[in-house]
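Open the model in your viewer and follow the stops below in order.

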Amino acid sequence: MQPPDGVVVTGPRHDRYEEILTPQALGFLAELHRAFDARRRDLLARRADREAALAAGESLDFLPDTRHVREGDWAVAPPAPGLVDRRVEITGPTDPKMTINALTSGAKVWLADLEDANTPLWENVVGGQLTLRDAVDRTLTFTSPDGRRYALGDGELATIVVRPRGWHLTEKHILVDGERASGSLVDFGLYLFHCARRQLDRGSGPYFYLPKMESHQEARLWNDVFLFAQERLGIPRGTIRATVLIETYPAAFEMEEILYELREHSAGLNAGRWDFMFSVIKKFRTRGADFLLPDRNAVTMTAPFMRAYTELLVRTCHRRGAHAIGGMAAFIPSRRDPEVNETALAKVREDKTREAGDGFDGSWVAHPDLVPVCREVFDAVLGDRPHQLDRTRDDVRVTAAQLLDVRSTRGRRTEAGLRNAISVGVQYLASWLRGTGAVAIFNLMEDAATAEISRSQVWQWLHGGVTLDDTGEKVDRALVERLADEELAKLSGDPADLAPARALFMEVAVADDFVDFLTLPAYERMP
């Protein structure tokens, strides 16, 4: 079948791709592109202008022009079917096995991740849409190489919430009028086109997690996309619901405004802690000691600036009738090592206990074995209630100064921390380039967000002239190169397999110019 006028698909056609890349679906993507891509590019230019202003000495603050929104009397729409009780949400990519395990894990929600836990290989982009449609239809099955068969069965499944790519990413295999389509609109549009009506017929709806936004204007763009798409597809207004990840430093100062822009489509906010930490480094990477973080793994959620961020998120959400969803604990269990498993469970329990006690309505886990501990913690606080929206946290008062108080974060900058950042960064990029966007490294689940912390921290320490607290060595390129040699020599396998990942890591962690996202040059290296 031929695509509509102005649309070119450059990716190969594999089995069943014609079910997703129909002329009608591609025509819908073209409509979205023509209506909204210019605004998308304009908003990305505004990001760059704001970052330049920060580099020149400006700071972040709550917006004076939107004070009326923060002080106004308004609320978001009531929770949609399937999103009333969200006490446990499991995240992961959309490969068939993970999808089945996640949907049958006992979690209330599955974040079907087309973003940080996914490499946007063409096969993953289209294959993920096939998986999602089959999951909605309950026809999805998977047989492992050893003959084990996985299926969804007839029991209760988690509610599907899809996370499309961020506004900054494009899809090079779909061109509209000679331009790359937005990765965000491709992921959103294909899922909505094929699954919205299916979800509505099952008593649910098309739900999304929206990543990487930096302003309420970007939320307004999404809301306009929703209104346009619902009208074009004949879906009732307000059917689409979206939870926004507050995972950039600027967005932390615009939480209320973001909820307001999406209020008839809002499903709440999520504390995207790992990207948030990356954004802190990214936005103030040239500002000296006030924004120099210690070793990545030493920055906990009890650090004053992280504490202020999560407290403000809960208060903001509950004041407006929106769910507040906690972040992902990166620890993962081990079925082979009891000691590692015990440590992981204890860390996750501690993390979820803090979140439930702070008023969050649910939280994320990255592995089915962690669903029971998260559920147990939130059950103890919620009981039979589906959420704790009535806990408005009127005791919380967070100032801009508290959100900006990075300097008081305790911890050291050590050689071990630098080694860990280099090793994790290279290992993750090697996995990403092979097509896997979520990988266990040193008993932690790493995705693009956690890898971003590693590479941006190396960049900041190097260009900030940091001297390591334990060895007294100055972080320079020679030191980073030497430690990379030593760390990669510890890894099994052919060193040549890591060479492309190492080269890419050096490009985004050592070069004079700071690349906005490591996935941008990584994507250009992929077919």
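Helices (H or I, at least four residues) and strands (E, at least two) are DSSP runs, numbered from the N terminus. This is a predicted model, where local features need pLDDT of at least 70 and side-chain atom pairs count only at pLDDT 80 or more, while totals for chains, interfaces and linings use all residues. Residues are numbered from 1 along each chain as its sequence is written, and side-chain values use heavy atoms, without hydrogens and water.

**Stop one: residues 159-405.** Select this span. The end C-alpha atoms lie 37 Å apart.

**Stop two: the whole chain.** Show the protein chain as a cartoon. It has 19 helices and 15 strands. The C-alpha atoms fill a box of roughly 65 × 55 × 50 Å along the principal axes.

**Stop three: the largest nonpolar core.** A nonpolar core is a set of buried Ala, Val, Leu, Ile, Met, Phe, Trp, Tyr and Cys residues joined through side-chain atoms within 4.5 Å. Select W110, I160, F188, I246 and Y249. Of the 141 residues in the largest core, these touch the most other members. Next, colour helix α2 (residues 23-55). This helix gives the core its largest share, nine residues.

**Stop four: I246.** Which residues is I246 in contact with (heavy atoms within 4.5 Å), leaving aside neighbours within four places in sequence? Among them are A251, M255, L269, F276, Y309 and L313.

**Stop five: another core.** Now select L418, I422, I441 and F505. These are among the 37 residues of another core, apart from the largest one.

Technical notes: Buried means under 20% relative accessible area, exposed over 50%, partly exposed in between (1.4 Å probe, protein chains only). Contact means heavy atoms within 4.5 Å.
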